[in-house]
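User: I am new to this structure and would like to go through it with you. Could we begin with the aromatic rings?
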Amino acid sequence: MARQVNVALIGSKFMGRTHSDAYSNVARYFTDLPAEPVRHTIAARHAEELEPFAARWNWANWTTDWEQAVRDPDIELVDVGTPNDVHRQQAIAALEAGKHVACEKPLAGTLEDAKQMKDAAAKVAPGAGGNQHTFVWYNYRRCPAVALAHRFVKEGRLGRIFHVRAAYLQSWATDPNIPRVWRFQGDVAGSGAHGDLNAHVIDMARFITGEAITEVTGAIEETFIKQRPMPDGSGKGDVGV
């Protein structure tokens with residue numbers, strides 16, 4: 001029997017639902033888990049949504065105070081599933097509270113935020129005098145095709161890899177009727193689709209080849225849909241990423 005690890009999840013929107021579903025099913029898929037997650041506390045902003053969310057996804061507790069959740073001595077792992085601009089504050093607070101941290105990608109809204117998170121994690125990591133582990137949710141590494149390609153490269157069956165060409169085939173954002181949610185606001189999302197989606201492509205390329213990206217020599221970006229409907233129906237707003 002794997003030991004149990006109490007989890008606090010921050011964020012109850014799409015990724016909150018996704019992570020909750022994963023926690024409920026992981027022990028069914030992997031029978032040799034070294035630790036089994038326990039859905040202890042869900043933390044998010046909207047109180048009216050939290051109680052039904054907790055009931056639906058079997059979270060034992062809920063709170064609108066994420067800081068209280070990360071300080072709870074019963075919590076061992078904090079899962080950050082919020083918009084990019086608050087990752088730094090929440091992840092560093094959890095690290096300072098002595099918790100393991102798993103953070104959604106992209107790691108942060110800005111490069112400076114990401115550097116601060118990296119430095120905070122390095123101070124408490126195993127090998128640096130601490131015992132806290134940190135993770136980023138690059139879940140596509142577990143896709144069978146990606147895992148197989150990784151194994152082929154590691155075994156030398158594909159020879160030397162000179163070039164990787166990739167495309168992320170997700171098109172929901174090409175619909176101009178999709179509202180101007182936080183993902184389309186530069187001050188919240190930061191890097192926009194590059195961090196939100198292309199981060200997966202970059203991670204898969206690194207994971208499969210075993211190589212790190214050392215230089216970017218050419219990059220072209222364009223925001224094709226300049227305005228989107230406001231979520232509250234008050235007209236259209238400019239897209240910032």
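**Aromatic pairs**

Analyst: A search of the whole structure finds 3 aromatic pairs; rings of Phe, Tyr and Trp (its six-membered ring) pair if their centres lie within 6.5 Å, with planes under 30 degrees apart counted as stacked, over 60 as edge-to-face and the rest as tilted. This is a predicted model, in which local features need pLDDT of at least 70 and side-chain atom pairs count only at pLDDT 80 or more, while totals for chains, interfaces and linings use all residues. Residues are numbered from 1 along each chain as its sequence is written, and side-chain values use heavy atoms, leaving out hydrogens and water.

User: What kind of pair do Tyr23 and Trp59 form?

Analyst: The pair is edge-to-face, because the ring centres of Tyr23 and Trp59 are 6.2 Å apart and the planes stand at 90 degrees. Tyr23 belongs to helix α1 (residues 14–29) and Trp59 to the loop between α2 (47–57) and β3 (61–63), so the pair links distant parts of the chain, 36 residues apart. Helices (H or I, at least four residues) and strands (E, at least two) are DSSP runs, numbered from the N terminus.

User: Is Trp59 buried or exposed?

Analyst: Trp59 is buried, at a relative accessible area of 5%. Buried means under 20% relative accessible area, exposed over 50%, and partly exposed in between (1.4 Å probe, protein chains only).

User: And which pair does Phe53 form?

Analyst: Phe53 and Trp57 form a tilted pair, 6.4 Å centre to centre with 45 degrees between the planes. Both lie in helix α2, 4 residues apart.
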